[in-house]
Amino acid sequence: MRKVFSVVLALALIVILLFGVADLPTFGNAENPSNNEVSYRYLEEGVEETGAVNVVAGIILDYRAFDTFGEATVLFTALITVIAVLRRDEDE
Amino acid sequence: MNKPAVEAERSEILTEVGKLIIPFIQVFAIYVILNGHLSPGGGFAGGTILGASMILHRLIFGWDNLISRLTYDRVMKWMCASLLIYGALKGYSFLTGGMHLEVWDVPLGTPGKLLSGGFILPLNIAVGIIVSITVYVFFKLFYEGTI
């Protein structure tokens with residue numbers, strides 16, 4: 001029963017995800033939503049708005065700083081998990 | 001503290017070359033972190049270099065040195081402090097900027113100078129601390145099983 005249920009669940013998920021993929025815009029099309037004004041804004045006014053000459057640092061630590069906060073938190077969580085699993089006690 | 005199970009033989013050449021080369025690696029790592037907003041690099045790259053230099057130090061000079069006494073308490077203190085500083089600084093800037101509050105904002109300075117770019121320099125330092133400690137502690141945990 002559980003096996004049948006898991007197979008049905010997996011198939012349903014696959015169908016849903018494939019419907020999602022079918023709606024994606026074609027690769028490399030100039031009309032795609034990713035080709036918008038954001039990149040031009042970053043390149044033209046990034047130095048003025050963030051004060052950083054390195055545009056990459058200006059993007060990841062100023063415009064998208066919350067994303068980098070998430071990355072740092074992922075590292076922190078991974079470290080805590082590995083310590084909890086692998087650490088030996090001192091008196092052993 | 002118990003000695004770790006894995007303790008390699010140390011040769012004279014390795015020790016002397018390590019004494020010579022490790023300070024340069026660490027100075028370069030700090031340079032990469034501090035110049036993250038001026039040149040390629042930043043907290044992630046510089047933190048990895050710093051962590052690699054700590055791993056090299058641990059491999060060459062062994063257990064009886066200062067760096068390997070990065071105990072559990074100190075790891076937790078440094079990581080939590082860095083994360084909290086990051087969250088506080090960027091949370092302040094997001095809240096005040098997002099709500100258009102007319103409060104004090106960090107000056108951006110002249111682009112190209114070391115002290116410029118608002119919060120980018122302290123954020124780079126916080127990320128560098130987190131990444132270097134993570135790299136070093138991962139190596140030490142998988143190599144020896146203790147912090």
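Chain A contains four helices and zero strands, where helices (H or I, at least four residues) and strands (E, at least two) are DSSP runs numbered from the N terminus. The model is predicted: local features need pLDDT of at least 70, side-chain atom pairs count only at pLDDT 80 or more, and totals for chains, interfaces and linings use all residues. Residues are numbered from 1 along each chain as its sequence is written, while chains are lettered from A and ligands numbered from 1 in the order in which they are written.

Along the sequence, the pattern of chain A is α-α-α-α. Its radius of gyration is 22 Å, whereas a compact globule of 92 residues would have one near 12 Å (taken over C-alpha atoms; the globule rule is 2.2 Å times the number of residues to the power 0.38). Along the principal axes, the C-alpha atoms of chain A fill a box of roughly 55 × 50 × 15 Å.

Of the 92 residues in chain A, 18% are buried (20 or more other C-beta atoms within 10 Å of the residue's own, with C-beta atoms placed from the backbone). Helix H1 of chain A, residues 2–22, spans 30 Å from its first C-alpha to its last, close to the expected 30 Å (1.5 Å times one less than its number of residues). The number of buried residues among the 21 of H1(A) is zero, so this helix lies largely in the open.

The contact between the chains takes 23 residues from chain A and 31 residues from chain B (C-beta atoms, placed from the backbone, within 7 Å). On the side of chain B that touches chain A, helix H3 (72–98) and helix H4 (120–144) of chain B are the elements giving two or more residues. H4(B) gives the most, with 10 residues. The residues of this side of chain B comprise 16 nonpolar, 14 polar and one charged (Ala, Val, Leu, Ile, Met, Phe, Trp, Tyr, Cys and Pro count as nonpolar, Asp, Glu, Lys and Arg as charged, and the others, Gly among them, as polar).

Terms used
Buried ≥ 20, exposed ≤ 12 C-beta atoms within 10 Å, placed from the backbone. Contact = placed C-beta atoms within 7 Å.
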